[in-house]
Amino acid sequence: MQVFGLVGNPVGHSLSPPMHEAAYDSLGMDARYVTYEPSPERFAAALDGADALGITGLNVTIPFKQDALELVDADPFAERIGAVNTIDFTGDSDTPRGYNTDAAGVSRSFARHDVSPDGADAVVVGAGGAGRAAAFALADEGAAVHVANRTASRAAELAAELNDDGESEHTATAGDLDSLATSVPDADVLVNATSVGMESDETPVPAPLLHENLAVLDAVYAPPDTRLLREAREAGATTIDGAWMLLYQGVVAFERWTGREAPVDEMDAALRSRL
Ligand code: NAP
């Protein structure tokens with residue numbers, strides 16, 4: 001039997017186990033997906049133990065995504081983003097490989113909705129883990145990225161990193177949340193990568209700024225229909241909920257670990273039935 005899992009703290013309400021186990025069932029794989037909640041001091045030991053026990057792959061979530069980067073052989077994209085959310089123990093090397101599939105989750109969510117970031121003006125709200133993944137994903141696909149964050153200095157740092165690494169053809173800009181007033185009306189793509197909308201019916205983007213030429217991805221997936229998405233829909237925008245991003249980060253992780261094409265529809269159905 002193959003064992004996969006999620007390591008984080010807390011992970012009790014994760015939707016990854018049913019999503020991945022739907023894939024194993026669909027493909028007739030003898031596999032399980034297990035959640036692990038080590039204390040922060042024992043995270044490195046937990047990874048060594050997982051490797052020694054023959055676990056095939058682990059997803060990594062809060063608060064370990066940055067720690068994981070230091071403990072694995074991270075691919076260049078994960079290095080630039082500064083976080084690893086997928087570890088593959090199957091290689092020959094003593095050090096497992098690390099990837100960031102949150103970024104792929106953003107890219108594949110837009111692709112699934114026929115939205116191309118190439119040449120687009122993109123606004124990323126938030127400069128934490130999800131914001132970094134979204135900003136690098138969109139910049140690498142050819143978007144001009146504006147990062148808006150409550151703490152403006154974090155947005156400025158992220159924009160500087162996007163500009164310094166020489167991979168993007170456009171100059172990234174940054175500001176606080178007031179900068180949404182000037183950036184969103186001209187934008188083609190908007191990502192909410194803050195946690196606003198999760199605990200209460202709030203939005204980080206004032207409704208009058210939304211418009212019909214915008215594609216809006218909200219990383220928040222619980223609830224799936226956030227106030228931002230409702231107001232974006234009312235403005236005529238294309239809306240993409242956070243379950244798509246969650247689905248595709250899992251799809252890409254599955255494909256990394258197994259080398260098989262993921263049964264996307266089955267994974268999607270398992271995920272959405274639990275939202
Ligand atoms: P994080 O690293 O802790 O970053 C949180 C971000 O939210 C920061 O930019 C923070 O701004 C901002 N923020 C928090 N409270 C705010 C408020 N009241 N007003 C304005 N901004 C606020 O968290 P994360 O890992 O990036 O996650 C962010 C969200 O994305 C969460 O809802 C998470 O569930 C979701 N997410 C979804 C997926 C998916 O697959 N769908 C994947 C990853 C994350 P400051 O810098 O000013 O603190």
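The dialogue below goes through the domains, their interface and several salt bridges of a predicted model.

Student: What should I know about numbering and confidence before reading the values?

Tutor: Residues are numbered from 1 along each chain as its sequence is written, and side-chain values use heavy atoms, with hydrogens and water left out. The model is predicted: local features need pLDDT of at least 70, side-chain atom pairs count only at pLDDT 80 or more, and totals for chains, interfaces and linings use all residues.

Student: What makes up the area that domain 1 and domain 2 bury between them?

Tutor: Buried area is the accessible area (1.4 Å probe) that two parts lose on being put together, summed over both. Here the value is about 1500 Å², with 61% of it on carbon and sulfur atoms. On the side of domain 1, Arg80, Met245 and Tyr248 supply 49% of the area buried against domain 2, more than any other three residues.

Student: Why is the pair of aspartate 140 and arginine 80 called a salt bridge?

Tutor: The term requires a side-chain nitrogen of Lys or Arg within 4 Å of a carboxyl oxygen of Asp or Glu. The N to O distance between the side chains of aspartate 140 and arginine 80 is 2.7 Å, so the pair meets the definition. Between domain 1 and domain 2 the count is two salt bridges; the whole structure has eleven. Aspartate 140 lies in helix α6 (residues 129-140) and arginine 80 in helix α4, so the pair ties together parts 60 residues apart in sequence. Helices (H or I, at least four residues) and strands (E, at least two) are DSSP runs, numbered from the N terminus.

Student: Why is serine 16 called buried?

Tutor: Buried means under 20% relative accessible area, exposed over 50%, and partly exposed in between (1.4 Å probe, protein chains only). Serine 16 has 7% relative accessibility, so this residue counts as buried. Serine 16 lies in helix α1 (residues 16-27). Leaving aside neighbours within four places in sequence, serine 16 is in contact with Tyr33 and Gln249.

Student: How do you know whether arginine 272 and aspartate 241 form a salt bridge?

Tutor: The closest N and O atoms of arginine 272 and aspartate 241 are 3.0 Å apart, and the pair is a salt bridge. Arginine 272 lies in helix α11 and aspartate 241 in the loop between β12 (238-240) and α10, so the pair ties together parts 31 residues apart in sequence. Arginine 272, at 29% relative accessibility, counts as partly exposed, whereas aspartate 241, at 13%, is buried. Asp241, Asp268 and Arg272 are linked in a network of salt bridges.

Conventions:
Contact = heavy atoms within 4.5 Å.
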